[in-house]
Amino acid sequence: HEEAVTCLQKVFAKHSSGFGTDSTEENIDRANLQYGEVTYGGMERLYEALELKKDDVFYDLGCGVGKLVLYVALRGAAQRSVGLEVGQRRFLLAE
């Protein structure tokens with residue numbers, strides 16, 4: 001957990017958050033683009049609760065800037081870690 005968090009802190013040092021207004025080309029009410037983030041402590045608890053195995057694929061629907069997706073990938077239990085984000089600004093920050 002600590003190594004993954006240290007890596008995340010380095011990766012997201014410049015853009016630490018996806019908070020702020022966002023948009024999409026889809027016909028979605030902007031009110032549905034609300035955003036929240038899981039804390040690093042919450043990531044650890046979620047990761048442990050999922051009990052991922054080597055053949056599992058982790059999907060984060062509405063992944064924001066991708067912190068949880070990267071965290072799961074860094075922890076290494078799952079075969080793949082995939083994030084999907086409709087908000088264009090957050091998607092570009094994650095890229």
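Helices (H or I, at least four residues) and strands (E, at least two) are taken as DSSP runs and numbered from the N terminus. The structure is a predicted model, so to speak of local features takes a pLDDT of at least 70 and side-chain atom pairs count only at pLDDT 80 or more, while totals for chains, interfaces and linings use all residues. Residues are numbered from 1 along each chain as its sequence is written, and side-chain values use heavy atoms, with hydrogens and water left out.

Now for the core. A nonpolar core is a set of buried Ala, Val, Leu, Ile, Met, Phe, Trp, Tyr and Cys residues joined through side-chain atoms within 4.5 Å. The largest one has 14 residues, and those with the most contacts inside it include Leu8, Met43, Tyr47 and Tyr71. At least two residues of this core come from each of α1, α2 and α3. Leaving aside residues up to four places away in sequence, Leu8 touches Tyr40, Met43, Lys67, Leu70, Tyr71 and Leu74.

Then there are the charged pairs. The count comes to 2 salt bridges, each a side-chain nitrogen of Lys or Arg within 4 Å of a carboxyl oxygen of Asp or Glu. In one of them, Lys67 meets Glu37 at 3.3 Å, N to O. That pair links distant parts of the chain, 30 residues apart: Lys67 lies in helix α3 (residues 67-75) and Glu37 in the loop between α1 (2-11) and α2 (40-50). Lys67 is buried at 11% relative accessibility, whereas Glu37 is partly exposed at 30%. Glu85 and Arg90 also pair up, at 3.7 Å, N to O. Glu85 is buried at 16%, and Arg90 is buried at 1%.

As for cysteines, the count of disulfides (cysteine sulfur atoms within 2.5 Å) is 0. Cys7 is partly exposed at 28%, and Cys63 is buried at 11%.

Note on methods
Buried < 20%, exposed > 50% of the residue type's maximum accessible area, 1.4 Å probe, protein only. Contact = heavy atoms within 4.5 Å.
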